[in-house]
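Welcome to a short tour of a structure that may be new to you. Please have a look at the sequence and the model below, and then follow along region by region.

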Amino acid sequence: MSHAISIESVSKRFGTLQALDDISFTVAHGEFFALLGPNGAGKTTLISAMGGLSRPDSGRIRIMGHDAVSDTRAARMQLGVVPQELVFDPFFTVRETLVFQSGYFGIRHNDAWVDELLFKLGLPDKANTNMRALSGGMKRRVMVAQALVHRPPVIVLDEPTAGVDVELRQSLWAFVQELNDAGHTIVLTTHYLEEAEALCSRIAMMKKGRLIALEAKDKLLAHSASREISLKLSGPLPATLAASYQARETDGRQILVLPDIARLEDVLRELRLAAVEVRELSVHETDLEQVFVELMHGGKK
Amino acid sequence: MQGFLTLFKKEILRFWKVAFQTVAAPVLTALLYQLIFSHVLSRHVEAYPGVSYTAFLIPGLTMMSMAQNAFANSSSSLIQSKITGNIVFLLLPPLSALEFFGAYLLASVVRGMVVGAGVLLVTAWFGLPLPANPLWVLLFAALGCGVLGTLGIIAGIWADKFDQLAAFQNFIIMPLTFLSGVFYSISGLPPLWKAVSHLNPVFYMIDGFRYGFFGQADVSPWLAAAVVAGSFLLLSAWALHLLRSGYKLRQ
């Protein structure tokens, strides 16, 4: 039982659509892991397969060492999933919803933990409110609580902050971070790349059912080779520099694309030789979004 | 076991919270049938020797109401959960197919029996005798609700939309329950229709249920019990198979 999640050669086809194409990766205990990709990349399909909501055509998934298909009961006890769609049962109150959810996991008398979840998620005064009467953000919080009633060691959040206001996003992330600090393994999918960048240690990117990148966040950022520098110069940019660094001009500044930050030295030397003075210089660090866009538009693997 | 108990309780609460619609309404409908049909037909028909039409009608109407409500309970709960998407909260926990099936089935039986008790209560003053064989009454009530509750589970799993479920209800359940001897004794039917009625499992539910009250019926209660129990087992096996295979619930 060496990994919290282990995914081995998982494939899934819906008709002519290859939703998952031979996906393999593992997530270590206590890791904060992000799964990124555009709509239709297969993230939700993969999460569904982890939770037993859909069955892969081939390959195997293990949650804390338990096979998601042959050892379903144990696997599901270890896993808490917050689904992407905002869903609720309009017949019941928040507390009823959470007490029922505990019961489905075989847990009786879960009131202390339910109360704590309500408190942590900012819902204590909504305990006896009907689900219908809650705002979208509140419903989302109840869904998070539902995924946690059985204190699962592995928690998967499928776009938990889609359509959620800023305040809730921040409090939700603080709570998830706290769970991670307490030893829970977290997997999240998100469209907000800055969230993944801020929270996750390792990142997988999917596209059209395939895994196209899987790396520690820092490495992934470093890989995204090119960096841009922006220069304010005393004179015109020498033509040789303009040609070799794909220069463009915006707001009176020259933007140069460096394949490697070490090349900055060469650029400065050439400018000195041409007797052009550098008035201002700034380096743009790549962020995840740029890496993401690069990877999604074909490019490199 | 805890999972089953919880889901069972949730299913009971689901209909009980809207009991006006799920219990009171069908009881009132049955009472209206009783009032109108007994008024129109009481002087013309004597179903069994010594049994007035008004009395004869009561067990039939009761079983029909039980059957329709048992079906409605499991099927509407499932389709609502599927369409709103909250069924995911039942698919993620480690509930076995048997727990899932058992909870929906038993809740349907309870709803059917509660409606049945209500119908008997409001129609008893039309002259229903105390049951000659209360055990048969209970057995057929439970088995009848069980058959329709199971059918409701199958229909709820199968249907993707409300109108598909409505079609199932209107084109299968309604004809089966109406053409089953609720309003008449099939012994008075022409041979062809009599033979057709004998193929309808709902006929055996009603006939056996009536036997429990009057000590007489169209067929032997043992035969009726065998047919109803057989249908129940067959449908249960089918429903369990669907649940285990993940049909429509886990793609």
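Which residue takes a positive phi in the hairpin of S9(A) and S10(A)? It is A:Lys208, with a phi near 45°, in a hairpin that has 2 residues between the strands. Please keep in mind that this is a predicted model.

**Chain A at a glance**

Chain A has 301 residues, and 39% of them count as buried. Its secondary structure comes to 11 helices and 14 strands. The C-alpha trace of chain A spans about 80 × 45 × 35 Å along its principal axes. Among contacts in chain A between residues at least 6 apart in sequence, 68% link residues at least 24 apart.

**Strands and their partners**

Let us return to strand S9 of chain A, residues 202-207. Of its 6 residues, 5 are buried, so S9(A) is largely enclosed by the rest of the structure. S9(A) pairs with strand S3 (residues 32-36) of chain A in the parallel sense, and A:Leu35 has A:Ala204 in S9(A) as its bridge partner. With strand S10 (residues 210-216) of chain A, S9(A) runs antiparallel; here A:Ile203 has its bridge partner in S10(A), namely A:Glu215.

Elsewhere in chain A, 4 strands form an open sheet with antiparallel pairing, in the order S2-S1-S4-S5. Strand S2 (17-27) and strand S5 (66-67) are the edge strands, each pairing on one side only. Within this sheet, S5(A) pairs with strand S4 (residues 58-63) of chain A, and A:Arg62 finds its bridge partner in A:Asp67 of S5(A). As background, strands of a sheet pair through backbone hydrogen bonds, either parallel or antiparallel.

The table puts three of these pairings side by side.

| Strand pair | Sense | Bridges |
|---|---|---|
| S3(A) and S9(A) | parallel | 4 bridges |
| S9(A) and S10(A) | antiparallel | 6 bridges |
| S4(A) and S5(A) | antiparallel | 2 bridges |

**Where chain A meets chain B**

How many residues of chain A are in contact with chain B? There are 24, and they touch 22 residues of chain B. On the side of chain A, the elements that give two or more residues are helix H2 (72-77) and helix H3 (94-104). By class, the residues on this side divide into 10 nonpolar, 8 polar and 6 charged.

Of its 11 residues, 9 are buried, so H3(A) is largely enclosed by the rest of the structure. Among the buried residues are A:Val94, A:Leu98, A:Phe100 and A:Tyr104. The buried residues of H3(A) pack against helices of both chains: helix H4 (111-120) and helix H5 (136-148) of chain A, together with helix H1 (2-16) and helix H4 (88-91) of chain B. After H3(A) comes A:Gly106, which has a positive phi near 80°.

**A helix pair in chain B**

Finally, turn to helix H3 (residues 53-84) and helix H7 (residues 162-178) of chain B. Their axes come within 11 Å and cross at roughly 165°. With angles over 145 degrees counting as roughly antiparallel, H3(B) and H7(B) are therefore roughly antiparallel to each other. The crossing is right-handed. Residues of H3(B) including B:Met64, B:Phe71 and B:Ile79 take part in this meeting, and H7(B) brings B:Phe162, B:Leu165, B:Ile173 and B:Thr177. By class, the contact of H3(B) with H7(B) has 7 nonpolar, 3 polar and no charged residues.

Definitions and conventions: Residues numbered from 1 in each chain as written. Chains lettered and ligands numbered in written order. Predicted model: local features only at pLDDT ≥ 70, side-chain atom pairs only at ≥ 80, totals over all residues. Buried ≥ 20, exposed ≤ 12 C-beta atoms within 10 Å, placed from the backbone. Pairing = 2+ DSSP bridges. Axes fitted to C-alpha atoms, helices over the stretch in contact; angles between N-to-C directions. Parallel < 35°, antiparallel > 145°, perpendicular 65-115°, else oblique. Left-handed = near helix turned anticlockwise from the far one by under 90°. Contact = placed C-beta atoms within 7 Å. Nonpolar A, V, L, I, M, F, W, Y, C, P; charged D, E, K, R; others polar.
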